[in-house]
Amino acid sequence: MIKRVYLVGNPNVGKSVVFSRLTGVEVIASNYPGTTVEFTKGYLNLEGEKLEVIDLPGIYSLEPTSKAEEVAVKLLNELPKDESIIINILDATNLERNLFLTLQLIEEGFCVVICLNMCDDAKHRGIDIDIKKLEALLGVPVISTCAVTGLGIKTLIERLKEAKPLTLSEKLTHQKRWQKIGEIVESVQHLSHRHHTLRELLEDASVRPLGGFFISLGVIYLSFKLVRFLGEGLINKIFDPLFFGPYKSLLINLSNFLGQKGFLHHILIGELIKGEIDFRQSLGLLTTAPYVEFAMVLPYVLAFYLVLGILEDIGFLPRFALLLDNLLHRLGLHGYAIIPVLLGLGCNVPGILATRILESKRERLIASTLISIGVPCVALQAMIFGILGKFGGFYVGGVYLVLFSLWLILGLILNAFFKGYSPELLIEIPPYRFPPLLVILKKLYIRIKGFLFEALPIVFLGVLLVNIFLYFGWFDFFTGLFSGLVKGLFGLPKEAVIALAVGFLRKDVAVGMLVPLNLTVKQLFIVSCLLAISFPCIATFIVLWKELGFKDFLKATLIMLFVGLIVGSLLNFFIP
Amino acid sequence: MRRLSLVHLKENQKAKVVEVLGGIGIKQRLLSLGIYPGRELTKISHFALRGPVTVKVGRATLALGYGMAQKILVEII
């Protein structure tokens with residue numbers, strides 16, 4: 001009796017895309033090994049029966065090498081073989097390498113169905129695979145698919161029930177297995193010679209030091225420009241006009257209706273600034289809260305994830321990792337650690353989860369600590385642009401410079417202090433791929449939906465709580481307690497304590513709370529840095545605890561507090 | 001035949017793996033990616049200052065850290 005279907009395959013063969021196709025569950029898929037670090041469940045309807053489908057992190061063999069792989073292999077070792085089907089997904093452009101795991105799975109006695117994915121790309125590259133022959137040689141069903149367009153998925157589902165375990169006489173040694181693979185590939189795969197395409201020339205150039213350097217430089221510059229252009233464009237052309245036009249007149253009516261004061265007015269509209277609603281300063285549930293999230297943060301979140309999604313899907317990120325391998329080794333990491341860092345620039349939570357692609361516990365501790373201290377999430381960055389941008393790029397750049405230097409220095413220190421060594425980089429560089437625009441937009445949609453679902457409740461709840469506290473003056477005791485500290489060390493007014501505390505809920509709300517304080521540019525600069533460094537938001541906090549375990553989590557937290565204190569004081573002391 | 005490590009192989013040179021030094025862990029990892037004694041590969045590039053080495057094995061492009069590349073001994077063919 002079959003109850004579950006597992007998707008198993010090498011990293012970056014399109015398991016998550018097949019998973020989405022089979023179950024309709026939306027998951028993030030990209031073009032680099034290690035996008036999936038957890039398993040995702042969904043359901044598939046097979047002739048009236050509901051089967052559970054599980055998407056696993058990619059593995060190269062049944063011997064795991066990273067935490068993400070460990071999770072997958074452990075699960076495979078424990079699953080009841082007679083109740084499960086394994087859909088082994090293969091990249092048709094790289095049949096030989098993919099077959100190693102396939103043979104291992106068949107030898108272990110799993111019910112295997114093979115999904116030969118990316119058949120369209122294989123054809124483009126002049127690779128022709130004889131499916132019938134491959135099926136005969138392996139003894140299990142083989143279905144060719146192109147999951148991005150959905151081609152072949154129906155046949156895959158129809159043929160699932162043909163899966164049955166083979167009884168093989170022996171398990172091969174690794175060497176023998178490769179030999180057998182050689183023979184199989186020799187007889188089923190036919191390569192037609194073609195001239196190098198532009199894509200292949202680019203692929204080649206980007207893994208060479210000089211070419212890679214200039215391509216990366218160009219890509220980063222363009223990405224940055226594009227994020228700013230899109231972010232500002234959305235704010236100026238869409239969100240600001242909406243807020244300052246129809247929405248504001250609506251609120252003015254409401255404000256007048258409420259008599260421009262009182263508890264409810266304080267909660268919903270907030271304080272009137274010079275007799276007017278000020279979206280940045282009023283701090284109401286209907287004024288500042290939606291303005292901060294929709295008109296200041298969301299545009300940049302949209303822009304950032306669009307650009308990140310494109311870079312991910314093209315397959316640029318692993319190439320960037322090559323260039324940074326050397327630098328990151330000095331921080332106790334290796335080049336691939338740049339991927340969690342880049343994801344962390346969007347939101348620290350997926351960034352820290354992505355550290356599972358690193359091999360050792362030590363690397364994960366260093367990477368997670370560095371992400372929570374030196375990598376501001378896009379919501380915080382948007383707000384820093386929002387409040388410091390008007391003083392010129394110098395200050396915004398300054399915050400990045402402080403964080404980046406801190407990231408480097410702290411990395412060097414952590415590498416020296418934590419025991420152990422860093423494993424070497426060993427990754428597969430995926431080919432460049434150009435997915436259809438629809439695929440990129442769909443991923444953007446998943447991420448934006450996730451962002452809104454996670455951020456909005458906390459933002460509104462945060463502003464509500466803060467407003468209630470302010471109304472009744474409950475913060476006074478708290479601010480009094482810490483005022484000496486923030487005044488003496490960081491040169492900030494005592495009200496900044498509230499913002500720093502709110503930063504624990506969400507960074508963007510915290511920055512929003514700073515606006516009414518009329519801080520000097522130096523104070524804004526310091527508090528921006530402090531918010532980035534000191535404490536991660538509660539969501540990051542929880543994931544940090546879960547991923548690192550209590551002991552390492554405590555270490556990371558102490559480092560954060562300590563570094564925050566030092567950097568805040570130093571900045572206050574040295575900036576004129 | 002002269003043996004040399006992957007680090008000393010020149011760019012665009014073809015070679016055959018003769019030995020992988022190091023523990024069972026690293027051997028397993030490389031093996032599952034298709035690098036094992038007897039296998040042919042082509043070096044693509046080498047990043048300066050003890051940076052990573054990239055090789056083409058079959059149809060896959062792999063990147064290996066400097067230390068790992070040092071442990072792979074090859075013969076030029």
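Analyst: Start with a definition: two strands pair if DSSP finds at least two bridges between them. The model is predicted. In chain B, β3(B) and β4(B) form a hairpin with six residues between them. Leu49(B), in the turn, has a positive phi of about 55 degrees.

User: What makes β3(B) and β4(B) a pair, and in which sense do they run?

Analyst: The cut-off is at least two bridges. β3(B) and β4(B) have four, in the antiparallel sense. So the pair meets the definition. One of the bridges joins Ser45(B) to Thr54(B) in β4(B).

User: How do you know that β4(B) is largely enclosed?

Analyst: A residue is buried if 20 or more other C-beta atoms lie within 10 Å of its own. Four of the five residues of β4(B), residues 53-57, are buried, so the strand is largely enclosed by the rest of the structure.

User: What does β4(B) form with β5(B)?

Analyst: A hairpin, with two residues between the strands. Gly58(B) in the turn has a positive phi of about 60 degrees. β4(B) and β5(B) pair in the antiparallel sense over five bridges. Val53(B) has Leu64(B) in β5(B) as its bridge partner.

User: Which strand of chain A pairs with β5(B)?

Analyst: Strand β9 of chain A, residues 426-429. The pairing is antiparallel, over four bridges. The threshold is at least two, so this counts as a pair. Leu426(A) stands opposite Leu64(B).

User: How many residues of each chain are in contact?

Analyst: 26 residues of chain B are in contact with 26 residues of chain A. On the chain B side, α1 (24-32), β3 (40-46), β5 (60-64) and α2 (66-70) each supply at least two residues. The largest share, five residues, comes from β5(B). The chain B side divides into 13 nonpolar, ten polar and three charged residues.

User: Which strands does β3(A) pair with, and in what sense?

Analyst: Strand β1 of chain A (residues 4-9) and β3(A) (residues 49-55) pair in the parallel sense over four bridges. Here Arg4(A) has Glu52(A) as its bridge partner. Strand β2 of chain A (residues 40-46) and β3(A) pair in the antiparallel sense over seven bridges.

User: How do you know that the length of α15(A) agrees with its number of residues?

Analyst: The expected span is 1.5 Å times one less than the number of residues. For the 14 residues of α15(A), 361-374, that should be 20 Å; the end C-alpha atoms are 20 Å apart, which agrees. α15(A) is also mostly covered, with 13 of its 14 residues buried.

User: Why is Ala337(A) called buried?

Analyst: The cut-off is 20 or more other C-beta atoms within 10 Å. Ala337(A) has 29 C-beta neighbours inside 10 Å, so it counts as buried. Its place is in the loop between α12 (317-330) and α13 (338-344) of chain A. Beyond residues up to four places away in sequence, Ala337(A) touches Leu328(A), Leu358(A), Glu363(A) and Ala367(A). Ile533(A) is 196 residues away along the chain, and its C-alpha atom is 19 Å from that of Ala337(A).

User: Where are the two domains of chain A, and what do they bring to their contact?

Analyst: Domain 1 is 4-191 and domain 2 is 300-463 + 473-574. Their C-alpha centres lie 36 Å apart. The contact takes 17 residues from domain 1 and 23 residues from domain 2. The domain 1 side divides into seven nonpolar, seven polar and three charged residues.

User: What is Ile35(B) in contact with, leaving aside neighbours within four places in sequence?

Analyst: Val17(B), Val20(B), Leu30(B), Leu41(B), Val57(B) and Ile72(B).

Technical notes: Residues numbered from 1 in each chain as written. Chains lettered and ligands numbered in written order. Predicted model: local features only at pLDDT ≥ 70, side-chain atom pairs only at ≥ 80, totals over all residues. Contact = placed C-beta atoms within 7 Å. Nonpolar A, V, L, I, M, F, W, Y, C, P; charged D, E, K, R; others polar. Buried ≥ 20, exposed ≤ 12 C-beta atoms within 10 Å, placed from the backbone. Domains from an automatic or database assignment.
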